[in-house]
Amino acid sequence: MSMRRLILCAVIQMSLAGACSPSQPSGDGAAGDGSDVVADGEVPAGPIPTIEGFTPLEDHNPDPRVVEVDLEARSSEVELRPGVMTRVWAYEGRVPGPLIQARVGDRVIVHFKNSLLAPTIVHWHGLRITDQMDGSPRLMHPFLPGTTFRYEFVVPDPGTYWYHAHSDSTQQIERGLYAPLVVHERNPPRFDRERLFVLDDVRLGSDGQIGAFNTSGPDIGRGRTGNVLLVNGSSRAVAGSTQRGALERWRIINAANARTMYVRVRGGSALVIGTDGGLIPTPYEFHELEVAAGQRYDLAVRADAAGDDDGGAPVLELVNNVPVFRADGTVDEQLFSLAQLRYEGAVVSRIEYTAPRVTLPSIEPASATERTLLLSGANTDAGVQFTINGRTGVGHHGPPADGGMYEPDERFVQGQPVRITVSANVSPEHPFHLHGQFFQVVERDGFPVVDEPGLKDVVLVRGRGTVTVLTYFENPGRWMYHCHISEHGDLGMMGEWEVLPAMMR
Ligand SMILES: [Cu+2]
């Protein structure tokens with residue numbers, strides 16, 4: 001049984017005490033159709049948890065198993081900084097765009113309309129859906145201005161995801177085309193409150209507008225970093241309240257073009273309970289959590305500050321450390337508050353968090369195929385070109401003009417374990433993203449990794465180091481892999497693998 005199915009089975013067995021068997025491919029051959037998650041005719045679970053401060057996009061389908069929404073990309077003005085209106089490109093005119101939420105196994109239908117003046121395409125980051133709905137510009141032309149497209153897919157895995165533009169990502173994500181997507185567990189763990197923090201940084205000029213995009217220099221080498229940190233679309237920290245003893249679920253999404261976030265929780269205690277691929281069986285403590293561009297983490301946060309020695313009420317706080325690298329080689333902390341929640345009163349009943357009892361498979365199958373990827377780049381006559389194994393990825397703007405298809409770099413068979421070792425010899429770091437699959441981080445620099453549990457779809461390749469991930473390629477289809485620093489991906493640090501359905505083996 002595959003990695004992910006083991007997890008789903010365990011979760012289901014814990015929550016529903018039902019039997020679980022491996023899923024069968026759906027009629028269209030797509031994996032992740034949810035058939036192993038929710039049986040037909042099953043009584044829907046209770047209400048979906050409310051995520052504080054987010055109003056989900058309106059679901060206008062009465063079927064409780066279908067979420068059907070309208071989504072428009074358009075130019076808009078929003079208040080990223082207090083008192084300053086910034087021209088953005090945004091889903092439904094908001095930054096971040098509206099929350100789309102569903103329950104695992106639900107069918108999601110998105111009536112998308114492009115009201116921008118540029119082509120765009122929406123990618124559902126992390127969802128293991130069919131490749132025809134993935135929003136890959138290698139498979140499908142971005143939608144022209146004024147056109148519509150009907151996305152339809154079944155969400156197979158509970159977790160914290162996001163959706164964003166995948167054409168000219170450097171500009172389109174920076175201009176605001178990103179939004180959260182949450183797939184709730186069938187029977188979610190209990191919390192007193194749920195919150196969501198979508199992190200970003202944006203570069204604003206003195207006029208409050210998004211500055212010009214450079215085609216060379218540090219913006220390309222390191223990726224574009226902003227001068228304003230945003231949390232949920234504002235430079236101001238989220239303000240609110242909590243209660244002493246409360247247990248909260250915080251979902252964190254890094255939507256920045258390039259910046260790695262280093263988040264901490266103060267005035268309470270926190271555990272990592274989930275990664276890109278959903279809840280993990282082994283929650284862990286942290287002082288500072290590295291969240292690379294594209295990654296997500298779920299935290300269980302307990303409002304248990306020791307007290308109020310100075311006479312004031314304590315505050316539960318989410319902060320981001322933006323390290324300052326000094327010329328003498330030292331690194332200073334620079335802490336920015338992302339959320340400040342005042343303690344007000346106390347909870348009556350204290351909820352304990354229990355992780356799902358899941359068993360991950362061996363992460364070292366003897367049969368695993370080995371592959372290596374070298375992320376690199378060089379200055380050429382055509383400007384900076386990034387490469388993977390010497391190839392500059394193409395297809396950011398759509399399939400070939402002659403109506404054909406690009407060839408994938410390699411074909412694998414569904415269920416085939418593959419160890420992928422990624423290294424880089426250019427730029428300080430690369431968040432490596434694989435579409436349509438999850439993987440486990442198994443080694444860094446040749447040594448086993450013990451502190452990065454859980455399933456991921458983005459892993460940070462640091463400096464000149466190497467990282468090895470193991471995937472089982474469970475989802476057939478054609479899947480992009482690329483650096484999630486938009487500037488690198490857009491300039492060629494991208495490729496594509498095809499996963500053939502197991503029945504074709
Ligand atoms: Cu990169």
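**Charged pairs and a copper site**

Let's start with Arg195 and Glu248, whose side chains meet in a salt bridge (2.6 Å, N to O); the term stands for a side-chain nitrogen of Lys or Arg within 4 Å of a carboxyl oxygen of Asp or Glu. Because Arg195 lies in strand E9 and Glu248 in strand E12, the pair ties together parts that are 53 residues apart in sequence. Strands here are DSSP runs of at least two residues, numbered from the N terminus. Arg195 and Glu248 are buried, where buried means under 20% relative accessible area, exposed over 50% and partly exposed in between (1.4 Å probe, protein chains only).

A word on the model: it is predicted, so local features need pLDDT of at least 70 and side-chain atom pairs count only at pLDDT 80 or more, while totals for chains, interfaces and linings use all residues. Residues are numbered from 1 along each chain as its sequence is written, and side-chain values use heavy atoms, leaving out hydrogens and water.

Next, look at Glu185 and Arg249, which form a salt bridge at 2.9 Å, N to O. Glu185 sits in the loop between strand E8 (178-184) and strand E9 (193-202), and Arg249 in strand E12 (residues 247-254), 64 residues apart. Both Glu185 and Arg249 are buried.

Now turn to the copper ion, coordinated by His430 (ND1), Cys483 (SG) and His488 (ND1) at 2.0 to 2.1 Å. Donors are N, O and S atoms within 2.8 Å of the metal (3.2 Å for Na, K and Ca); water is not among the atoms, so sites may look incomplete. The donor residues follow the spacing H-x52-C-x4-H in sequence. Cys483 counts as buried because its relative accessibility is 2%, and His488 counts as buried at 0%.

Notes
Helix = DSSP H or I, 4+ residues; strand = E, 2+ residues; numbered from the N terminus.
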